[in-house]
Amino acid sequence: MVNAMIVLELYELKNICMEMAALGAANYAKSITPAKDLMSQREAYREFGEARVKRWVHDGLVSGSRMGTTLRSKIQYSRAELMAANTAEKMKPIINA
């Protein structure tokens with residue numbers, strides 16, 4: 001195994017810190033008020049992009065929950081999970097460079 005050194009510009013490190021702080025706040029909000037963490041599938045598609053959300057679901061990064069018993073019940077996602085998947089996707093090229 002090769003030890004590779006990761007070199008980041010200061011603005012990249014600042015952005016990573018901001019993303020991590022936002023994730024921490026989202027997870028805290030989720031633990032305090034779980035119902036407010038949920039967003040509809042339509043909102044998730046609008047905020048993060050339909051193709052990306054579908055890919056994250058397929059890859060097991062996020063999971064939706066039906067809010068009813070019928071097949072056409074609304075699917076909701078955790079905002080904190082979506083934000084974490086989004087951040088992980090952004091960080092992957094930096095870490096694996």
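How near do the axes of H4 and H5 come, and at what angle do they cross? They come within 11 Å and cross at roughly 95°.

The model is predicted, so local features need pLDDT of at least 70 and side-chain atom pairs count only at pLDDT 80 or more, while totals for chains, interfaces and linings use all residues. Residues are numbered from 1 along each chain as its sequence is written, and side-chain values use heavy atoms, with hydrogens and water left out.

**View 1. Helices H4 and H5.** Helices (H or I, at least four residues) and strands (E, at least two) are DSSP runs, numbered from the N terminus. Axes are lines fitted to C-alpha atoms, for helices over the stretch in contact, with angles from 0 to 180 degrees between N-to-C directions. With axes that cross at roughly 95°, H4 is roughly perpendicular to H5. The classes of angle are roughly parallel (under 35 degrees), roughly antiparallel (over 145), roughly perpendicular (65 to 115) and oblique (the rest). Arg52, Val53, Arg55 and Trp56 of H4 meet Leu82, Ala85, Asn86 and Glu89 of H5; contact means heavy atoms within 4.5 Å. Asn86, in helix H5, is buried at a relative accessible area of 11%. Buried means under 20% relative accessible area, exposed over 50%, and partly exposed in between (1.4 Å probe, protein chains only). Apart from neighbours within four places in sequence, Asn86 is in contact with Phe48, Arg52 and Trp56.

**View 2. Helices H3 and H4.** The axes of H3 and H4 are 7 Å apart and the packing angle is about 115°. H3 is thus roughly perpendicular to H4. Ala44, Tyr45 and Phe48 of H3 make the contact with Glu50, Arg52, Val53, Lys54 and Trp56 of H4. Tyr45 belongs to helix H3 and is buried, with a relative accessible area of 19%. Residues up to four places away in sequence not counted, Tyr45 touches Glu50, Val53 and Lys54.

**View 3. The aromatic pair.** Rings of Phe, Tyr and Trp (its six-membered ring) pair if their centres lie within 6.5 Å; planes under 30 degrees apart count as stacked, over 60 as edge-to-face and the rest as tilted. The count is 1 aromatic pair. Phe48 and Trp56 have ring centres 5.9 Å apart and planes at 65°, so the pair is edge-to-face. Phe48 is buried at a relative accessible area of 7%, and Trp56 is buried at 1%.

**View 4. The largest nonpolar core.** A nonpolar core is a set of buried Ala, Val, Leu, Ile, Met, Phe, Trp, Tyr and Cys residues joined through side-chain atoms within 4.5 Å. The largest one has 11 residues: Met39, Ala44, Tyr45, Phe48, Val53, Trp56, Val62, Ile75, Tyr77, Leu82 and Ala85. At least two residues of this core come from each of helix H3 (41–48), helix H4 (50–58), strand S3 (75–78) and helix H5 (79–95). H3 supplies the largest share, 3 residues. Ile75 is in contact with Met39, Ser40, Gln41, Gly64, Ser65 and Arg66, leaving aside its neighbours within four places in sequence.

**View 5. Helices H1 and H5.** The axes of helix H1 (residues 10–32) and H5 cross at roughly 160° and come within 9 Å. H1 and H5 are therefore roughly antiparallel. In H1, Ile16, Glu19, Met20, Ala22, Leu23, Ala26, Asn27 and Lys30 meet Ala80, Glu81, Met83, Ala84, Thr87, Lys90 and Met91 in H5.
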